[in-house]
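Please go through the briefing below with the structure open beside it.

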Amino acid sequence: MAYSIRVNGETREVDVDGDTPMLWVLRDVCGLTGTKYGCGIAMCGACTIHVDGQARRACFTPVSSVDTAQIRTIETLHETPVGQALQRAWRELDVVQCGYCQSGQLMSAAALLAANPKPTDDDIDMVMSGNICRCGTYGRIRAGIHLAATYLAGGGGAT
Amino acid sequence: MTSSKSGTGLSRRQFLLVSLAAGGGMLIGFPITGRSQGAAAASPPSAFIRIDRAGRVTLILPYVEMGQGAYTSQAQILAEELEVALDSVSLEAAPAGQVYASPLLGEQITGGSISLRGAWVSMRTAGAAARMMLTEAAAKRWGVTADSCRAENGRVMHKASTRSLSYGELAEEAAGLPVPELPALKSPGAFRIVGKAEKRLDSPAKVDGTAKFGIDMRPEGVLHAMVQACPVFGGRLAALDTAPALRVKGVRQVVQIDDAVAVVADHTWAALKALRALEPKWDEGANSRLTTADMIAAADAALQREGLVALRVGDVAAAEASASRRFEAMYRMPMLAHAAMEPLSCTVKISDGRCDVWVGSQIVGRAQRVAAEAAGLPLEKVSIHNQYLGGGFGRRLETDYVSQAVLIAKQVKAPLKVTWSREEDMRHDYYRFHNHSLVNVAVDAAGQPTSWHHRVVAPNIMARWLPAYQKDNIDLDAVDAAHGPYDIPNVLVEFTRNEAPAGLTTGNWRGVGPTRNVFVVESAIDELAHAAGRDAIAYRKALISQAPRTLAVLARAERESGWGSPLPARSGRGVAVMSAFGSHLAFVAQVSVEGAGHVHVERLVCAVDTGIAVNPDIVRAQIEGGVIYGLSAVLHGKITVNRGRVLEGNFDTYQVVRMAEAPKIEVHIIESTEDPGGVGEPGTSGAIAAVANAVFAATGKRIRTLPIDHAQLRNT
């Protein structure tokens with residue numbers, strides 16, 4: 001059946017089965033390929049999106065479950081102050097390597113910072129251990145989240 | 001490119017091919033050879049620099065970007081000698097073509113930590129020659145000598161006057177000038193871009209979701225397929241009832257090929273759901289009873305077979321006969337999957353007698369050949385559009401997923417993206433195969449090794465994958481670093497070939513041969529030191545006194561790690577040292593082992609001498625990443641086969657290191673003016689060995705089988 005969903009501030013009609021995960025609705029139907037497929041079983045975090053501000057694994061979020069929730073993907077992460085700060089920190093520290101997991105890393109980090117503006121290493125490890133990076137950028141992700149937190153707190157000449 | 005005017009006096013001894021670029025400007029072609037300037041002369045160009053009328057510099061490289069930072073560091077090397085700003089250089093991946101093949105390897109390969117090493121001299125030479133020609137063009141226009149001009153930031157300046165011209169204004173005149181044969185290169189002391197931690201050029205697109213990977217391709221009208229090959233290695237599709245798949249909404253077609261079934265649909269989920277609804281009948285073939293235990297037994301049996309002699313120095317038998325003690329140990333390393341974050345995917349459009357392929361590949365020329373063969377088209381009708389790779393680690397050095405996608409797409413009247421599920425990716429890998437090793441060491445009364453005998457049991461990957469990298473039927477990668485950097489008077493390295501059963505494909509895995517051999521060598525040396533009652537680092541130092549670069553990294557790692565300072569109970573430090581890929585590295589891992597046996601890697605210190613670190617931050621990142629990849633292997637990595645099938649399928653069963661398990665990694669770079677070495681591979685190689693030795697220091701239990709069996713480390 002057709003579903004009416006709200007993605008990045010736009011309403012979209014998608015005609016798919018209700019069990020279709022948001023991952024494939026976003027990538028294949030909406031053409032938003034920034035959200036990545038990594039495991040399909042909510043074990044790697046590459047597909048992380050925001051559903052009403054909460055981090056969710058899009059591969060385990062059926063389209064029938066999102067109803068009127070606001071969906072945000074990596075494509076509009078820069079529209080939020082937290083997203084801007086994180087992307088800036090990621091560029092500053094050159095966090096990325098292959099880059100494939102980084103959309104999901106950033107979306108998870110953004111939800112973390114929105115809820116906890118000054119996370120400790122343990123807070124970060126707890127939340128971010130749901131996101132796998134095979135290039136091994138974990139140390140820089142951790143540092144990137146701390147750096148973004150300082151930008152948001154007014155340090156480092158936030159833009 | 002090929003339409004440009006050529007033959008501008010190219011002599012056989014000439015290194016560069018310079019011509020007018022199509023669309024205006026200057027085109028410089030040069031071979032990337034990894035050899036000295038002079039030796040490179042006869043090779044055809046495999047990389048190109050285009051300077052357009054606006055002064056924009058485009059570097060067309062036969063390498064791909066898979067996270068290793070090649071596009072950034074290669075651009076730095078060019079910008080340095082060409083005298084342009086780094087941000088005026090943009091990168092393009094070369095299309096597939098024999099012209100782009102590495103003359104060393106005969107293939108267009110990104111892997112083996114060779115990209116930067118290959119480009120170091122040739123890229124600088126090309127940049128310097130172009131700069132000289134542009135300077136000469138300006139001098140001619142002004143009627144002055146080239147000596148009175150200098151190039152800076154994309155312009156040529158006349159020192160005595162205030163005149164200056166941009167490269168863009170000079171490019172076409174420069175293209176017609178004689179090419180300098182052996183341009184002088186800058187000395188390392190004069191570098192202003194090389195050696196700087198310049199920001200990665202691919203960062204912006206990778207933080208805002210705009211970077212396109214192979215799996216992101218969406219040509220007009222694309223359909224989506226998910227595929228399942230016979231779960232048993234080497235099996236075939238016997239029979240299939242397609243009806244259950246065709247009932248799923250959005251499904252267009254079910255495609256059958258010899259060994260796999262694919263469902264084509266409007267979106268990937270419909271394809272996956274329909275694929276799961278199918279119950280294909282497989283002809284499981286010869287491997288239907290294969291188990292991991294069988295393969296371990298076969299590798300153990302191979303350890304008893306004499307191998308081909310890869311290296312013989314002195315007389316090992318005589319040393320063994322006069323030894324005061326003998327050390328013998330057996331090492332076992334498991335099968336491993338690559339598990340790159342981007343599952344394999346390939347998008348194919350076959351129309352009008354052409355085949356277009358969008359893919360992330362580490363071996364583009366071969367991808368083109370297998371696509372042409374599968375499509376039944378001549379090579380020139382096949383184009384490979386290479387994209388960012390969501391991790392390579394060796395998996396994308398293979399082309400099975402390319403030929404498979406083309407075979408499926410041939411049966412579909414629309415552009416088709418074929419995506420492997422994570423499970424498919426893990427169960428149909430080109431695995432790092434079981435590698436076993438037998439080490440025999442003769443030891444004198446002082447505890448020093450007098451002979452080193454290492455029998456390597458491994459498949460000959462190169463026989464299939466890169467025959468040129470064999471010598472006398474020995475896979476040269478398999479025996480790389482098999483006696484370490486140590487000065488031992490008598491050495492025998494044997495290669496005993498042990499292939500996987502037909503149908504089970506094996507291949508290259510990050511760190512390649514040294515990843516297996518550094519673990520073996522460093523574990524054995526560590527045992528020898530312990531048996532001699534010596535400190536593990538002091539013992540090694542005495543054996544590398546003739547290798548100053550190796551010695552220096554070891555001393556640095558010793559100092560930075562606080563080696564020897566007290567640690568709590570069930571904590572320990574382990575060391576590993578290696579020279580491979582043109583680099584020298586020492587690692588100190590610090591671990592603590594829980595009472596229940598779980599190993600925590602708390603800190604990892606690495607000292608690296610990679611020659612000139614073209615981009616020190618990328619060097620650091622590569623070591624950090626290589627270490628994490630190695631930690632996943634030493635702590636968790638194991639692929640298990642039962643009834644010819646791989647049991648692990650996803651990250652729930654094939655565990656990898658996550659952030660909470662990731663140690664603090666400190667990378668210390670030794671200043672050097674030597675030519676750059678490779679850094680993509682060795683972090684993985686060294687981390688495994690250092691952690692295994694640290695576990696011994698913490699628990700007294702020696703790790704000779706990987707991955708670490710945490711249950712055996714229980715403090716009972």
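**Domains and chains**

Chain B is assigned domain 1 (17-205), domain 2 (214-284 + 344-419) and domain 3 (293-335 + 431-713), with bounds that come from an automatic or database domain assignment. This is a predicted model, in which local features need pLDDT of at least 70, side-chain atom pairs count only at pLDDT 80 or more, and totals for chains, interfaces and linings use all residues. Residues are numbered from 1 along each chain as its sequence is written, while chains are lettered from A and ligands numbered from 1 in the order in which they are written.

**Domain 1 against domain 3 in chain B**

- Between the C-alpha centres of domain 1 of chain B and domain 3 of chain B the distance is 38 Å.
- Domain 1 of chain B puts 21 residues into the contact and domain 3 of chain B puts in 23 residues; two residues are in contact if their C-beta atoms, placed from the backbone, lie within 7 Å.
- On the domain 1 side, α1 (70-82) and α2 (115-142) of chain B each supply at least two residues. Helices (H or I, at least four residues) and strands (E, at least two) are DSSP runs, numbered from the N terminus.
- The largest share of that side, four residues, is from α1(B).
- By class, the domain 1 side holds eight nonpolar, 10 polar and three charged residues. Ala, Val, Leu, Ile, Met, Phe, Trp, Tyr, Cys and Pro count as nonpolar, Asp, Glu, Lys and Arg as charged, and the others, Gly among them, as polar.

**Chain B against chain A**

- The contact between the chains involves 49 residues of chain B and 46 residues of chain A.
- On the chain B side, the elements giving two or more residues are α4 (203-207), α6 (268-277) and α16 (616-635) of chain B.
- α16(B) gives the largest share of this side, seven residues.
- The chain B side is made up of 23 nonpolar, 12 polar and 14 charged residues.

**Helix pair α9(B) and α10(B)**

- Helix α9 (residues 364-375) and helix α10 (residues 400-409) of chain B pack at an angle of about 25°, and their axes are 8 Å apart. Axes are lines fitted to C-alpha atoms, for helices over the stretch in contact, and angles run from 0 to 180 degrees between N-to-C directions.
- α9(B) is therefore roughly parallel to α10(B); angles under 35 degrees count as roughly parallel, over 145 as roughly antiparallel, 65 to 115 as roughly perpendicular and the rest as oblique.
- From α9(B), B:Ala367, B:Val370, B:Ala371, B:Ala374 and B:Ala375 meet B:Val402, B:Ser403, B:Val406 and B:Leu407 from α10(B).
- This contact has eight nonpolar residues, one polar and no charged.

**Helix pair α14(B) and α15(B)**

- Helix α14 (residues 536-543) and helix α15 (residues 548-561) of chain B pack at about 165°, with axes 10 Å apart.
- α14(B) is therefore roughly antiparallel to α15(B).
- B:Ile537, B:Arg540 and B:Lys541 of α14(B) make the contact with B:Leu551, B:Leu554 and B:Glu558 of α15(B).
- Three nonpolar, no polar and three charged residues form this contact.

**Chain A**

- Five helices and five strands are found in chain A.
- Their pattern along the sequence is β-β-α-β-β-β-α-α-α-α.
- The C-alpha atoms of chain A fill a box of roughly 50 × 30 × 25 Å, taken along the principal axes.
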